[in-house]
Amino acid sequence: AVVSTQSKQWYQRRVHGECLSLFLFISIVNSVLKMFNAASTNKVVLEKYLSLPQGSRVQATYIWIDGTGQGIRTKTKSLESKPSKVEDVPIWNYDGSSCYQAEGSNSDTYLHPVKIYPCPFRRGDNVLVLCEAFKYNQEPTLTNKRKACKEVMDKAKEFAPWFGIEQEYTLLDQDGHPFGWPKDGFPGPQGPYYCGVGANKVYGRDVVEAHYRCCLYAGIRISGTNAEVMPAQWEFQVGPTEG
């Protein structure tokens with residue numbers, strides 16, 4: 001499954017929770033809609049193993065933006081105990097040449113943790129770690145926009161600026177058609193779908209509800225969600241929050 005997104009910013013976006021909310025949404029869509037893919041696996045089997053005790057060690061999922069400026073990458077590291085603050089999470093590295101961020105001859109790229117959240121997928125003491133990406137010479141990668149933004153925001157912190165986003169998206173099925181649409185035609189005209197209720201008016205509510213609850217679990221300031229004017233089209237809002 002894939003997600004087509006088109007965002008509308010209320011203000012300049014900097015909030016960590018907004019980025020994580022998008023990551024959670026994409027992860028949930030890919031897991032829920034994969035049930036329609038012949039290559040999918042049985043998630044009931046996975047749950048059996050996820051319920052096993054893991055001792056005092058935890059899994060930290062590092063998350064960063066790749067060289068496309070839109071793609072999200074992750075890798076997981078074992079920590080000896082649950083981190084209480086972001087400074088407890090070590091800097092890590094990855095192959096930037098495989099993420100469109102470095103040449104193969106000098107591909108070491110570094111992940112600097114900037115924010116941690118409880119992980120709604122693995123749960124327990126496991127965490128999600130939002131990161132900035134830096135090149136081998138410690139210069140930010142081209143798609144690391146946070147570093148420059150933070151420098152500007154730090155200069156204006158006395159004004160306590162507020163930020164928020166409204167993210168619209170459309171769920172697409174495996175064949176590229178909007179999820180739930182007739183395969184040989186189109187749904188009815190605009191009218192009954194916006195903020196609609198009922199299986200004949202809105203499609204994919206399971207994804208929406210899962211995403212909303214994951215955001216609440218992780219401590220993201222998600223402020224609302226609703227169905228949009230087209231079937232399979234939704235939106236959610238994050239904020240306002242101080243930058």
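**Figure 1. Nonpolar surface patch formed by Val-45, Tyr-49 and Leu-52.** In this predicted model, the three residues make a patch of about 300 Å². Patches consist of residues with over 30% relative accessible area and no salt bridge, like charges being joined within 9 Å and nonpolar side chains (Val, Leu, Ile, Met, Phe, Trp, Tyr) within 5 Å; accessible areas come from the Shrake-Rupley method with a 1.4 Å probe, and for residues only the protein chains shown count as cover. Leu-52 is found in the loop between helix H2 (43–50) and strand E2 (58–65). Helices (H or I, at least four residues) and strands (E, at least two) are DSSP runs numbered from the N terminus.

**Figure 2. Buried residues of helix H3.** Arg-146, Cys-149 and Met-153 are the buried residues of this helix, where buried means under 20% relative accessible area, exposed over 50%, and partly exposed in between (1.4 Å probe, protein chains only). Seen down the axis of H3, the buried residues fall within an arc of 65 degrees, so they line one face of the helix; the arc is that of the directions from the helix axis to the C-beta atoms. Arg-146 has a relative accessible area of 18%, and its side chain makes a polar contact with the side chain of Glu-132 at 2.8 Å. A polar contact is a pair of N or O atoms within 3.5 Å; within protein, one must be able to donate a hydrogen and the other to accept it, and residues adjacent in sequence count only if both atoms are side-chain atoms.

**Figure 3. Salt bridge between Lys-147 and Glu-151 in helix H3.** The closest N and O atoms are 2.8 Å apart, a salt bridge being a side-chain nitrogen of Lys or Arg within 4 Å of a carboxyl oxygen of Asp or Glu. The two residues lie four residues apart, about one turn of the helix. Lys-147 is partly exposed at 30% relative accessible area, as is Glu-151 at 41%.

**Figure 4. Salt bridge between Arg-73 and Asp-66.** The side chains meet at 3.0 Å, N to O. Asp-66 is buried, with a relative accessible area of 3%, whereas Arg-73 is partly exposed at 24%.

**Notes.** Residues are numbered from 1 along each chain as its sequence is written, and side-chain values use heavy atoms, with hydrogens and water left out. Local features need pLDDT of at least 70 and side-chain atom pairs count only at pLDDT 80 or more, while totals for chains, interfaces and linings use all residues.
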